[in-house]
Structure formats: structure tokens, C-alpha cells
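Please look at the sequence and the model first, then read the points below.

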Amino acid sequence: MRRLLTVLLLASAALLGAVTPAQAHNVLISSDPKDGAELATGPKKITLTFDQPVRQGFAQISVIGPDGAQWQEGKTVVDRAKVSVGVKPLGPAGVYSVGYRILSSDGHPVSSKITFTLTVPGQAAPAQAPAAEPVASAAAPQDPGLGAQAAEAAQNGGAGMAVLWIAGSIVVLGGATVVAMRRTREQGSAG
Ligand SMILES: [Cu+2]
């Protein structure tokens with residue numbers, strides 16, 4: 001009985017040993033820019049430094065701006081414990097999220113993120129700048145139809161929505177006029 005217990009204990013110890021990694025995951029120890037940094041000018045490069053070498057081939061860093069656009073440039077480079085990526089000239093001011101995933105030296109993937117805040121808008125014109133679409137295009141002689149207008153409205157955003165509203169109110173007004181005219185006619189024929 002005691003022997004069985006010993007075997008069981010040894011077996012569970014071996015199991016635990018197999019599950020517990022001999023080496024811990026890579027841990028981010030520093031970054032440039034630092035996590036939570038407030039910058040007046042965008043960084044040209046993001047460098048993440050880990051406590052031990054990172055494996056090649058899996059590492060990826062992405063920089064997501066407050067506009068939701070990606071601002072990293074080129075491939076993510078692994079140099080021993082350092083992982084870096086280039087950054088385009090930044091656009092809107094706000095919080096930029098630097099997401100990363102790497103393969104630890106123990107073979108386990110690690111992913112997390114740091115953030116930094118751009119306090120002054122960068123030189124890059126934000127991709128969200130509204131295109132000055134002429135609203136008058138809706139009144140063009142060749143009317144593309146309400147369906148096409150709606151599709152256009154969805155693409156154009158703000159200005160397009162205005163067109164949709166105008167088109168919608170024209171339809172409603174037109175319908176009301178037809179109903180009113182019909183009523184008048186009915187009243188005329190009845191009386
Ligand atoms: Cu691990």
C-alpha cells in the first residue's frame with residue numbers, strides 16, 4: 001500500500017515537472033517608447049526589449065492609431081532579445097496601441113500590448129479626412145436611382161447621408177402630394 005502511494009506521488013511529481021516549463025515565458029522588460037509615454041512627435045521605430053532572446057519567424061508588432069489605422073511600416077525584426085518595427089509619420093493625436101506577439105525562447109507564444117499618446121497631430125494627413133463630394137451630383141439629369149444613391153450615401157458618410165435624407169424627404173413629400181391630390185379628386189367626383 002505504501003509502495004503504491006509512493007509510486008503515485010512520484011508519478012504526479014513527474015507529471016507536474018512535465019507541465020511546469022523549465023524556462024519561463026519571455027517577459028517584456030522595456031520599450032522605446034515607454035508604455036504610457038506622451039510624445040509630441042511620433043517615434044520612427046518601436047523597440048521592445050525582452051528578458052531573453054526571442055525566436056525568429058513569428059514576431060509581429062502592429063501600431064494601431066486612434067483612427068483605427070495601422071501605422072507600423074515594414075517587417076518586424078528580431079535581434080536577440082529586441083524586437084522592432086518601423087513607424088510611418090503619425091497622423092491624428094491620441095492613443096496609439098502597440099500590439100505584439102512573439103515566440104518565447106521556451107517555444108510559447110506571448111502577446112500583449114503597450115500604448116503611447118501622441119499629443120500633437122503628426123504631419124501625415126489622416127486617412128479619415130472627408131472627401132469633398134459635391135452634393136449636387138444627386139440632382140444630376142441622369143438619376144442613378146434611390147438604391148444607387150443609398151449605396152453612394154453609405155460610402156460617402158456625412159455628405160452622402162444628407163443626400164439620402166433629401167432623397168428620402170422628396171419621396172415622402174411626393175407620396176403625400178399624390179395622396180392629397182387623389183383625395184381632392186375623390187372629393188371633387190363625389191360632390
Ligand atoms: Cu512558456
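This is a predicted model: local features need pLDDT of at least 70, side-chain atom pairs count only at pLDDT 80 or more; totals for chains, interfaces and linings use all residues.

Residues are numbered from 1 along each chain as its sequence is written. The protein chain has three helices and eight strands; helices (H or I, at least four residues) and strands (E, at least two) are DSSP runs, numbered from the N terminus.

**Overall make-up**

- From the N terminus on, the order of elements in the protein chain is α-β-β-β-β-β-β-β-β-α-α.
- Of the 191 residues in the protein chain, 16% are buried. A residue is buried if 20 or more other C-beta atoms lie within 10 Å of its own, exposed if 12 or fewer, and partly exposed in between, with C-beta atoms placed from the backbone.
- Among contacts in the protein chain with a separation of 6 or more, 61% join residues 24 or more positions apart. Two residues are in contact if their C-beta atoms, placed from the backbone, lie within 7 Å.

**The antiparallel sheet**

- Four strands form an open sheet in the order β1-β3-β6-β5, and the pairing is antiparallel. Two strands pair if DSSP finds at least two bridges between them.
- β1 and β5 are at the edges with a single partner strand each, so one side of each has no neighbour in the sheet.
- From one strand to the next, the twist averages 15 degrees. For such angles, axes are lines fitted to C-alpha atoms, for helices over the stretch in contact, and angles run from 0 to 180 degrees between N-to-C directions.
- Strand β1 (residues 28-32) and β3 run antiparallel and are joined by four bridges. In this pair, D32 stands opposite T47 in β3.
- β3 also pairs with β6, in the antiparallel sense over five bridges. Here T47 stands opposite S84 in β6.

**The mixed sheet**

- A further open sheet has four strands in the order β2-β8-β7-β4, with mixed pairing.
- Its edge strands, β2 (37-39) and β4, each pair on one side only.
- On average, neighbouring strands of this sheet are turned by 25 degrees against each other, direction ignored.
- The pairing of β2 with β8 is parallel and covers three bridges. L118 in β8 is the bridge partner of L39.

**The nonpolar core**

- The largest nonpolar core contains 19 residues, and I46, I61 and V83 have the most contacts inside it. A nonpolar core is a set of buried Ala, Val, Leu, Ile, Met, Phe, Trp, Tyr and Cys residues joined through C-beta atoms within 7 Å.
- At least two residues of this core come from each of β3 (45-50), β4 (55-64), β6 (82-87), β7 (94-103) and β8 (109-118).
- β7 gives the largest share of this core, with four residues.
- Neighbours within four places in sequence aside, I46 is in contact with I61, V63, S84, V85, V87 and V98.
- In soluble globular proteins, nonpolar side chains tend to be buried together.

**Single residues**

- The peptide bond from D32 to P33 is cis, with omega near 0 degrees. P33 is in the loop between β1 and β2.
- R80 is not a glycine, yet its phi is positive, at about 55 degrees. R80 lies in the loop between β5 (72-79) and β6.
- R80 counts as exposed because 10 other C-beta atoms lie within 10 Å.
- K113 is part of strand β8. With 15 other C-beta atoms within 10 Å, K113 is partly exposed.
- K113 touches S97, V98, G99 and Y100, leaving out residues up to four places away in sequence. From K113 to V98, the separation is 15 residues in sequence and 5.3 Å in space, C-alpha to C-alpha.
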